[in-house]
Amino acid sequence: MNHDKDVINAAVMVKLEPDLSEGNVSYNPDGTLNRSQTKNILGPHSAIACKAAMYAKVCYDAWVSVCSMGPPTAEIALRDAMGLCCADELHLYSDRIFAGADTLATAETIKHGIRKMGRSIDIVFSGHRAVDGETGQTGPQTAWKLGFNFIGNVIDYSIDLESRMVKARRKIDLPGLYTVIEDVESPLPALIALDPSYRDNYRRVSERLRYARLMKEASRRAKDYKSYLRVWSAKDLGVDVRYVGLAGSPTIVYKVEKIPKAKASRRAKVVDPSNVEALREVGNLIFNIAFGER
Amino acid sequence: MDRFDAVIVGGGSAGLAALMELSRLGIQAVLLESGKPIGSKSVSGGILYSKNYPNGRVYNVEDIYPDFLDEAPVERRITRYYLNALSGSKVYTIDLTEAHEYRTNFAYSVLMARLNKWFAERAEEEAAKLGGGIIEGVHVKDIVWIDDGSGSSSGSSSNSGSSSGSSNSIIVTDELEEFGAKAIIAADGVNSEIALISNARGKLEPEALYQGVKCIVRVPEDIIDERFDLDDGEGVAHLFAGDISRGHNGGGFLYTNRDTLSVGLVYHLDSLLKSPIEPYNMLNEFLTIPVITNYIVDEVAVPKELDRTLPKEEQLRIRFGLSRLLKEYEGLRYTYYSKHARLDAIRQGLYSSEEEIKARLEEVRGKLEKEYGVTFANNYVEVEYACKLVPDGKRAMMDKPYKNNILFIGDAAGKGIFLGTRIEGINIGIDDAARAARAVARAREMSNFSEDYMGRYYAQLVDESPYTEDIRRIDFEYMKIFVRACKSIPLEPFPLFLRLAFMLIQKTIVQELASSIARMMDQSTLLKIIESNDAYVKIPMEVAERVGREVKPIAEIRPLSIDERIGRLKIREDEVPHIRIKDPKSRFIKAMVHLCPTKCYIMEASEEVSKEGAGAKARLKAVVSNVILQHEGCIECGTCSRETEWRHTRGEKGIVYEYG
Ligand SMILES: Cc1cc2nc3c(=O)[nH]c(=O)nc-3n(C[C@H](O)[C@H](O)[C@H](O)COP(=O)(O)OP(=O)(O)OC[C@H]3O[C@@H](n4cnc5c(N)ncnc54)[C@H](O)[C@@H]3O)c2cc1C
Ligand code: SF4
């Protein structure tokens with residue numbers, strides 16, 4: 001690929017997700033998520049990917065493009081992403097055909113999107129996984145489809161513009177055993193998936209100043225996000241309909257099983273959400289904890 | 001390594017003005033502030049003055065921020081100024097408005113934490129044009145000078161600096177990589193670490209410091225207008241002297257803000273050290289003297305004690321409903337009793353008319369009474385407690401406000417005019433800032449940031465400031481106005497000798513004579529008279545007792561306890577202690593048990609004695625033998641700094657004031 005040395009072109013893949021933070025969730029009577037009533041936002045893991053992209057913008061003056069596959073309302077996620085990484089372009093891949101996509105089919109769509117960004121992308125940032133039942137495979141699968149190196153669980157990274165290598169620090173949790181911190185290096189292009197514990201850390205004055213300036217610009221752009229946004233249909237992207245959406249999704253969700261929990265001393269009572277009295281009791285209990293006798 | 005022409009340490013009103021002015025002079029400058037957000041560590045009284053002098057210019061706030069008068073979030077324009085002599089419930093009020101207006105363009109009451117945020121917005125915008133800016137949450141902990149060729153010297157660990165001083169400096173912080181600075185402006189306040197790091201001066205003596213303690217009391221805007229007889233946007237300042245101080249040298253103040261009052265006390269630290277007394281207890285005594293109580297009192301809702309025999313669920317329902325309704329009531333009340341808030345609410349379409357707001361307010365009130373048994377009683381609403389040292393310029397001002405490539409401004413340079421009824425610090429720091437910025441600009445032009453060049457040039461500019469003269473010498477013109485104001489005191493009730501003395505003072509010819517005699521006396525003798533216990537305490541008491549009016553309290557209030565106050569403060573705990581006691585047995589440290597405004601110092605019982613079971617006297621001795629420090633509640637006032645290893649908290653940590 002032809003490259004201006006010193007230039008980094010970055011892409012971020014983000015996802016619109018239900019806001020599972022307190023007070024924003026709505027459930028159906030059968031206990032499943034009521035998607036139509038739950039507010040949707042930029043997913044928290046996607047937000048972390050945006051922060052990592054901002055880091056590239058601050059430190060390497062990267063050109064940043066954010067993309068998302070989803071319904072038209074997913075532009076909200078792109079707007080929020082704009083506010084975090086001051087993107088230069090926003091892309092929404094939205095088509096009925098894409099509906100029902102599993103991770104592999106999503107990766108296929110995003111691959112086409114990234115290839116159509118008009119610049120050869122050096123680095124792609126993705127979140128760890130989505131909060132609404134995803135397996136964390138979109139990232140690796142997109143990397144595989146793009147032919148990029150994949151680095152997961154990244155907690156810190158830097159890019160050497162001269163050698164065009166990315167150095168990354170990964171955190172691998174072996175539950176119950178220990179945590180491994182691993183430093184890896186890979187030539188660009190690469191796709192890195194950020195660990196949820198990733199924190200941007202600007203240690204230089206010039207970086208802090210640039211960050212502050214870009215954040216201001218970011219909120220200005222977020223207000224005007226539509227003028228940065230391009231919506232693509234399947235046709236625009238030139239995807240092969242056999243590989244996207246439901247048709248391109250080999251994953252079969254056979255059954256979602258709850259992982260059995262270890263026995264705890266806590267007791268739980270199931271409350272019927274349609275029973276106002278019962279709900280009030282829950283509210284009261286919470287209230288009691290917050291304001292009750294001390 | 002990053003390198004900048006100018007680095008400012010400290011984002012109070014002085015540092016921010018320096019950033020603004022440097023940027024306007026075309027110099028790329030970076031300001032580091034340890035608090036986050038900016039302004040969160042600022043405390044003032046405070047009245048911000050704009051002044052004019054016949055013998056030279058001062059740089060005023062509106063010179064630095066051209067849109068200050070139109071846009072800045074100031075509170076009220078102070079148009080009246082009074083001194084109140086107190087004794088018990090008796091008050092004699094002297095109108096000092098003329099003294100307040102002396103050489104004054106305007107004066108506003110301000111809440112420093114809020115105003116500094118506005119200053120920061122303006123300064124940052126200007127600085128960003130040149131690639132500079134503000135970095136919050138960064139604490140500067142050291143400065144290292146690199147002598148060209150001969151290695152480096154850390155400020156904190158050596159007697160650094162040749163006479164000319166090196167300008168090649170590196171700033172060390174807790175949070176960032178090191179970076180270089182050609183010129184440094186130290187605006188890090190009264191407890192300046194930079195002054196100590198650079199050996200520019202030692203710690204300030206207690207004689208050169210005041211301890212200021214204050215609280216913000218909320219009172220609806222229209223009630224303030226009515227109570228103090230104020231027109232829209234106008235404000236009043238009241239100073240107090242007499243028996244409130246329990247014999248300490250100092251006094252009290254009460255300033256009107258838009259919908260709050262700033263109420264506090266300022267005492268000489270040496271006087272407090274002689275007979276230590278808890279600042280919060282003094283504050284509470286002040287709040288409960290009738291004249292203050294009558295100013296701060298407000299009607300507050302008192303919820304009924306909850307009936308514990310009710311079913312749990314019912315108790316919760318009551319609590320929940322009550323807290324929601326109380327919140328609504330409070331919001332409505334502050335809206336209804338403020339013409340601005342009323343109009344805003346109508347403009348926003350929340351209500352169609354004032355009558356509607358009133359009706360709703362009464363409805364909610366009725367509901368509170370009927371459904372929840374809420375009663376309404378008089379008390380007061382305290383929203384923030386604060387404390388900080390204040391440098392007494394007369395004794396604290398640095399002779400040489402520079403060291404190596406550092407220029408000291410504002411409180412860090414020990415500036416301030418605090419003499420009797422004159423209280424000025426903010427404006428002087430701003431004037432310093434403009435001068436320091438000019439010195440840096442000149443230094444850059446000449447590529448010479450040395451002490452001999454930039455430092456001296458700055459000192460020369462500061463010398464030219466009328467404020468400097470004012471700090472060094474008592475202004476007799478001001479004194480004359482002051483004495484003239486005291487003419488209103490009726491003399492009949494006084495004993496003959498006092499009457500004669502007063503009469504003499506009040507005769508203009510004698511005033512002239514007295515001021516020429518005063519002019520001949522040396523400054524320190526004169527200060528001894530002006531700042532004597534007689535002047536602060538005895539004379540005001542005498543006046544109040546003999547000619548004062550009796551003020552009856554219209555209500556009783558219950559001041560907050562110190563624990564309640566600490567509970568309301570926002571303090572981000574720093575796990576790393578930033579203060580270390582040097583000698584836990586020293587007199588000074590023992591005094592801190594009383595003088596620390598947030599009770600960080602506590603006496604520790606000695607185990608030895610209790611084991612031996614010695615007599616009552618011996619045990620008492622042992623109990624007061626050791627002092628320990630719990631730094632978690634520290635609000636960085638600096639009172640204890642003299643005999644401790646004292647630093648501010650690390651960036652972002654520590655106290656976060658909302659009003660300041
Ligand atoms: C109770 C009281 C009443 C007063 N009344 C009045 C009045 O009515 N009128 C008046 O004009 N003045 C008054 N003053 C004085 C006035 O408030 C001060 O003079 C003024 O606020 C000082 O401003 P400054 O910028 O010099 O210092 P500060 O406002 O103290 O600012 C210093 C800043 O530096 C930061 N800092 C410190 N060390 C470091 C470090 N190492 N690294 C990074 N940042 C650091 C601090 O966090 C702080 O924000 C009063 C003061 C008090 C306490
Ligand atoms: S411990 Fe903190 S709050 Fe207490 S006197 Fe010392 S500096 Fe002030």
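In the predicted model, a backbone N or O atom of B:Ala14 lies 2.9 Å from an oxygen atom of ligand 1. A backbone N or O atom of B:Ile426 is likewise placed 2.9 Å from an oxygen atom of the ligand, and an N or O atom in the side chain of B:Glu33 lies 2.7 Å from a ligand oxygen atom. Of the 1,000 Å² of accessible area that ligand 1 has on its own, the protein covers 98% (Shrake-Rupley method, 1.4 Å probe).

The shell around ligand 1 (residues with a heavy atom within 4 Å) holds 34 residues, of which B:Glu33, B:Ile47, B:Asp411, B:Gly425 and B:Ile426 come nearest. By class, 12 are nonpolar, 15 polar and 7 charged, with Gly counted as polar and Tyr as nonpolar. Elements of chain B that each supply at least two shell residues include helix 1 (13-24), strand 2 (29-33) and helix 15 (426-445); helices (H or I, at least four residues) and strands (E, at least two) are DSSP runs.

B:Thr421 is located in the loop between strand 21 (417-419) and strand 22 of chain B. B:Thr421 is buried, at a relative accessible area of 7% (buried: under 20%, 1.4 Å probe, protein chains only). The B:Thr421 side chain forms a polar contact of 2.7 Å with the side chain of B:Tyr478 (N or O atoms within 3.5 Å, one able to donate a hydrogen and the other to accept it). Beyond four places in sequence, residues in contact with B:Thr421 (heavy atoms within 4.5 Å) include B:Tyr81, B:Leu239 and B:Phe482.

Residues are numbered from 1 along each chain, chains are lettered from A and ligands numbered from 1 in the order written. Local features need pLDDT of at least 70 and side-chain atom pairs 80 or more, whereas totals for chains, interfaces and linings use all residues; side-chain values use heavy atoms, without hydrogens and water.

Technical notes: Buried means under 20% relative accessible area, exposed over 50%, partly exposed in between (1.4 Å probe, protein chains only).
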